[in-house]
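Here is a quick tour of one chain, going from the whole fold down to a single residue. Have the viewer open as you read.

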Amino acid sequence: MTEKQLIITFDYELFLGSESGSVSLCQIIPTEELRQTLNRYGLKGIFFVDTTHLLRLRELKNDHPKVQEDWDMIGNQLAQLVEEGHYVYPHLHPHWLDAEYNPEANQWKLTNYQKYRFAKISDEERAYVFDQSVEVLKEMIPHADYRIEGYRAGGWCIQPFSDFLPFFQKHGIYGEFSVLKGRIAHTTTVDFDFSQVKENIYPFSEDVCTRDENGDFVELAISSVHIDATTRWKSKWLNRLLWRTKVGRSMGRGTGAVQKVLNPVPNPEYADKEMVSIELLNLYKLPLYRRFLSQNDYMHFISHPKMISKHNLAVFNRFLKEASEKYKLESDWKKISAKAVVNL
Ligand SMILES: [Zn+2]
């Protein structure tokens, strides 16, 4: 059986705009479904937890029983994931520092985007959010073997990497998961340029886009799939129809961060492509995902539990069932990295 490397990652977080949505609908319920799916096929998931949210929960939990409840639910779920062999790592959205809590709704308002990127906050704030992100996960997951060795930046904003380098070194993080191969974006909130990235896995030292054989870190780039015009059109109509039913709507409810595109840059490397993602997968795209896996030995999914619908999940299950019958699936990023990067 041919081996295929399948990296399955999740950004475990609330919505990041005017209405955060609830912890149970955006995180707990969809993640429970995903956990069962992964376990069914013996696959390891990587959960990038919005630790900046956890820092605010920690701050308010003694004053608000509902915040304490959210904290407990998240802690139990993360501990169970680690117990079962999945990976749990930090994911930072620093504008949580300015989030406003609404006790009546037990939700948050995150419309102040000034601190959206790590690059936009002060040195003191960086040290606080990064170091405490590691601390808060260790506090929530008291598992003896639990190690924090991977990271994904909020909104893919990992550049310049020099901002993160001291924290990777300090905490022993060596796996980097923020690069969306080929994509460029320059908006009021996010800023990144991965147009030079051609490889899936490579060692690096100072620049996440450049291979350096002597680097201490490994980049595991997120995959993107080409979607032809017909499939795009069919998907649009399918989504419209599905949205009217329960199975087609995302399990989480909330409002995302608002952003405007600044100086649109031509991005030929990424033309007609989209990230490989459970929430973007539907019945019409299934053949394209299938073909992608048959033509590539590496496929890296990025998904958000809050965005996933029952339809997405059903198609993902079908994709995994077929893939596991046809190939030997390797989903452990540490084994994949050790094989691809000899010096680690
Ligand atoms: Zn995120």
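## The chain as a whole

Of the 344 residues in the chain, 42% count as buried. Keep in mind that this is a predicted model. Among the contacts with a separation of 6 or more, 79% come from residues 24 or more positions apart.

On the secondary-structure side, you get nine helices and 15 strands. The radius of gyration is 19 Å, close to the 20 Å that the globule rule gives for 344 residues, so the chain is as compact as a globular protein of that length. Taken along the principal axes, the C-alpha atoms fill a box of roughly 55 × 55 × 45 Å.

## A covered strand

Now zoom in on strand β2, which spans residues 45-50. How many of its six residues are buried? The count is six of six, so to speak a strand that is mostly covered. Gly45, Phe47 and Val49 point one way from β2, while Ile46, Phe48 and Asp50 point the other way, and all are buried.

β2 has a partner in strand β1 (residues 3-12), with five bridges joining the two in parallel. In that pairing, Thr9 is the residue opposite Ile46. β2 also pairs with strand β3 (residues 87-92), again in the parallel sense and over five bridges. There, Phe48 sits opposite Tyr89 of β3.

Next up are helix α7 (residues 286-295) and helix α8 (residues 310-326), whose axes come within 11 Å and cross at roughly 30 degrees. The hand of this crossing is right-handed. On the α7 side, the contact is made by Leu286, Tyr289, Arg290 and Leu293; α8 brings in Val315, Arg318, Phe319, Glu322 and Ala323.

Sorted by class, the contact of α7 with α8 has six nonpolar and three charged residues, and no polar ones.

## A residue in a loop

Last stop: Val247, in the loop between α6 (229-243) and β13 (273-275). Is Val247 buried or exposed? Val247 has 12 other C-beta atoms within 10 Å, and exposed means 12 or fewer, so Val247 counts as exposed.

Which residues does Val247 touch, leaving aside its neighbours within four places in sequence? The contacts are Leu242, Ser309, Lys310 and His311. Val247 and His311 are 64 residues apart along the chain, yet their C-alpha atoms are separated by 5.4 Å.

Key
Residues are numbered from 1 along each chain as its sequence is written. This is a predicted model: local features need pLDDT of at least 70, side-chain atom pairs count only at pLDDT 80 or more; totals for chains, interfaces and linings use all residues. Axes are lines fitted to C-alpha atoms, for helices over the stretch in contact, and angles run from 0 to 180 degrees between N-to-C directions. Helices (H or I, at least four residues) and strands (E, at least two) are DSSP runs, numbered from the N terminus. A crossing is left-handed if the near helix is turned anticlockwise from the far one by less than a right angle, and right-handed if clockwise. Two residues are in contact if their C-beta atoms, placed from the backbone, lie within 7 Å. Ala, Val, Leu, Ile, Met, Phe, Trp, Tyr, Cys and Pro count as nonpolar, Asp, Glu, Lys and Arg as charged, and the others, Gly among them, as polar. A residue is buried if 20 or more other C-beta atoms lie within 10 Å of its own, exposed if 12 or fewer, and partly exposed in between; C-beta atoms are placed from the backbone. Two strands pair if DSSP finds at least two bridges between them. The radius of gyration is taken over C-alpha atoms; the globule rule is 2.2 Å times the number of residues to the power 0.38.
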